[in-house]
Amino acid sequence: MDTDIELREELATLPVIDGHEHLRTHDGCTPQTDITDFFLRAYLGSLLPYADTALAARIHDTSRNDRDRWADLTRIWPLVRYTGYGQVMARMLRAWGLSEELEPGSYDIIRAHLQDRSPEMSRGAYQQAHIAGSLTHYLAHPSVGGLANVGDFLAGRLPFDADIHPLLGTLPLHEFYTRADIELLEQVCGVSIGSLEELEKAVEGLIDRCVSLGIVGLKDHAAYTRGLDLGKPCWDAADVELQRLLRGERFDGGARCLSDYLFDRILRAANDHNLPVAIHTGFLVGTADPKANLRHFVSILKAYPTVRFDIYHLNAPWYEDLFAILRSFANTWANCCWAHAMDPAGTVQFLRVALRSIPPNHVIGFGGDFFDSPEPVLAHLDIALDHLAAVLGEAVRSGWMSRSSALEVARLWLYEAPRALYGLFAV
């Protein structure tokens with residue numbers, strides 16, 4: 001048997017910790033009626049306008065009949081099929097034993113498969129794929145309730161499945177635009193906030209309570225809003241902005257000095273609790289905005305050398321900046337979440353270089369980054385395993401390493417690195 005094929009088969013038997021999702025339980029795996037939306041949610045929808053703007057608008061028009069929207073999706077399919085997002089969809093179809101040659105008539109067959117979804121099916125699929133656990137940014141994520149869902153978590157109304165490990169989203173703990181943002185934090189924390197000292201205590205207390213309930217890390221996505229250029233904390237400037245907020249003033253770009261000050265307090269809390277901090281970097285959904293380049297975050301990495309930072313999405317497309325930072329700061333980890341589908345070729349090249357320059361215990365090899373499970377997650381994992389097999393197989397053939405060493409690296413990338421970083425499954 002071909003060495004690469006054997007290696008790929010062996011990789012499929014290794015345990016996996018999914019480095020990033022937005023799931024809470026497997027209970028969300030339920031029958032789906034609108035199949036077009038199901039596939040669009042797996043990032044495919046963000047790509048369609050680049051293929052055909054007018055046709056994409058018709059596909060996204062949810063006022064139209066789903067079958068008609070599907071017919072339009074089959075028309076645009078040849079243009080996106082071989083992109084990373086297209087391959088996620090293709091591999092979902094392949095897993096169902098269906099043809100990737102889409103046509104309007106495939107609608108009923110696919111819909112029948114989506115009617116068989118259940119929580120039990122999801123749990124079984126994860127077990128079959130050897131996914132031992134998933135790290136998830138669900139708490140305080142804007143798409144699933146924002147900061148308000150943290151209140152439900154604290155009240156015991158938002159349990160997580162045992163194999164899904166929550167991170168606390170920190171953006172609403174340091175980024176404020178209006179007094180209403182402060183008032184929401186007051187409601188969630190059950191305190192009154194009238195001073196910077198009280199705001200600090202509220203944020204720190206909230207983190208403390210979430211730690212006591214089992215969060216395993218923090219996650220910040222300021223890259224989407226203000227960007228990664230966070231400044232040094234200044235009490236006086238932060239206090240001025242807070243008082244302006246409390247008087248009812250609005251900050252259209254967010255109260256930046258207050259954000260800088262509170263982000264410092266959040267990182268100090270992470271250090272006190274030995275929590276890793278995940279940072280969104282690189283591509284935003286649909287765009288590549290330079291404000292999300294990790295290079296803007298270097299001053300933070302320098303200022304907090306004992307805080308461990310999980311760098312999401314490989315800082316794509318700015319891989320060279322990521323490599324410079326990984327080689328300069330021992331408190332950084334590279335996370336391939338989303339990357340295998342978002343930029344397949346770039347991710348393969350990253351792993352090829354990382355294998356020869358970055359200790360493998362500082363690379364997290366897979367993360368799905370979906371709100372739906374299990375189909376897109378497993379399809380993305382299938383792509384990721386192909387990429388790992390290609391990179392490691394090449395290294396074996398060239399004499400760089402033995403096959404047994406390649407499997408050791410794969411285990412580190414897929415399981416041991418995220419397990420150790422987030423303190424999962426004590427050994």
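**Pockets, strands and salt bridges**

Biologist: Which helix gives the most to the lining of the second largest pocket, and with how many residues?

Modeller: This is a predicted model, in which local features need pLDDT of at least 70 and side-chain atom pairs count only at pLDDT 80 or more, while totals for chains, interfaces and linings use all residues. Residues are numbered from 1 along each chain as its sequence is written, and side-chain values use heavy atoms, with hydrogens and water left out. A pocket here is an open set of points on a 1 Å grid over the protein atoms alone, where a 1.4 Å probe fits and protein lies on both sides within 12 Å along at least five of seven lines, and a lining residue has an atom within 4 Å of a point. With helices (H or I, at least four residues) and strands (E, at least two) taken as DSSP runs numbered from the N terminus, the main contributor is helix H2 (residues 35–51), with 4 residues.

Biologist: Which residues lie nearest the centre of the second largest pocket?

Modeller: Its volume, the space filled by probe spheres set on grid points that are joined across faces, edges and corners, is about 380 Å³. Of the 23 residues that line this pocket, those nearest its centre are His22, Tyr43, His141, Val285 and Phe371.

Biologist: How do the residues lining the largest pocket divide into nonpolar, polar and charged?

Modeller: The largest pocket has a volume of about 570 Å³, and H18 gives the most to its lining, with 6 residues. Its lining comprises 25 residues, with Ala95, Ala125, Ala129, Leu378 and Ala379 nearest the centre. Counting Ala, Val, Leu, Ile, Met, Phe, Trp, Tyr, Cys and Pro as nonpolar, Asp, Glu, Lys and Arg as charged, and the others, Gly among them, as polar, the lining holds 15 nonpolar, 3 polar and 7 charged residues.

Biologist: In strand E3, which residue does histidine 137 stand opposite?

Modeller: Strand E2 (residues 131–139) has 8 of its 9 residues buried, where buried means under 20% relative accessible area, exposed over 50% and partly exposed in between (1.4 Å probe, protein chains only). Two strands pair if DSSP finds at least two bridges between them, and E2 is joined in parallel to strand E1 (residues 16–21) by 4 bridges. A further 5 bridges join E2, again in parallel, to strand E3 (residues 164–169). There, the residue opposite histidine 137 is leucine 167.

Biologist: Is arginine 8, which meets aspartate 386 in a salt bridge, buried or exposed?

Modeller: The structure holds 32 salt bridges, each being a side-chain nitrogen of Lys or Arg within 4 Å of a carboxyl oxygen of Asp or Glu. In this one, N and O are 2.6 Å apart, and the pair links distant parts of the chain, with arginine 8 in helix H1 and aspartate 386 in helix H18, 378 residues apart. Aspartate 386 counts as partly exposed, because its relative accessibility is 29%. Arginine 8, with a relative accessible area of 17%, is buried.

Biologist: How far apart are the closest N and O atoms of arginine 265 and glutamate 200?

Modeller: Arginine 265 counts as buried because its relative accessibility is 19%, and glutamate 200 likewise counts as buried at 13%. Between the closest N and O atoms of their salt bridge, the distance is 3.2 Å.
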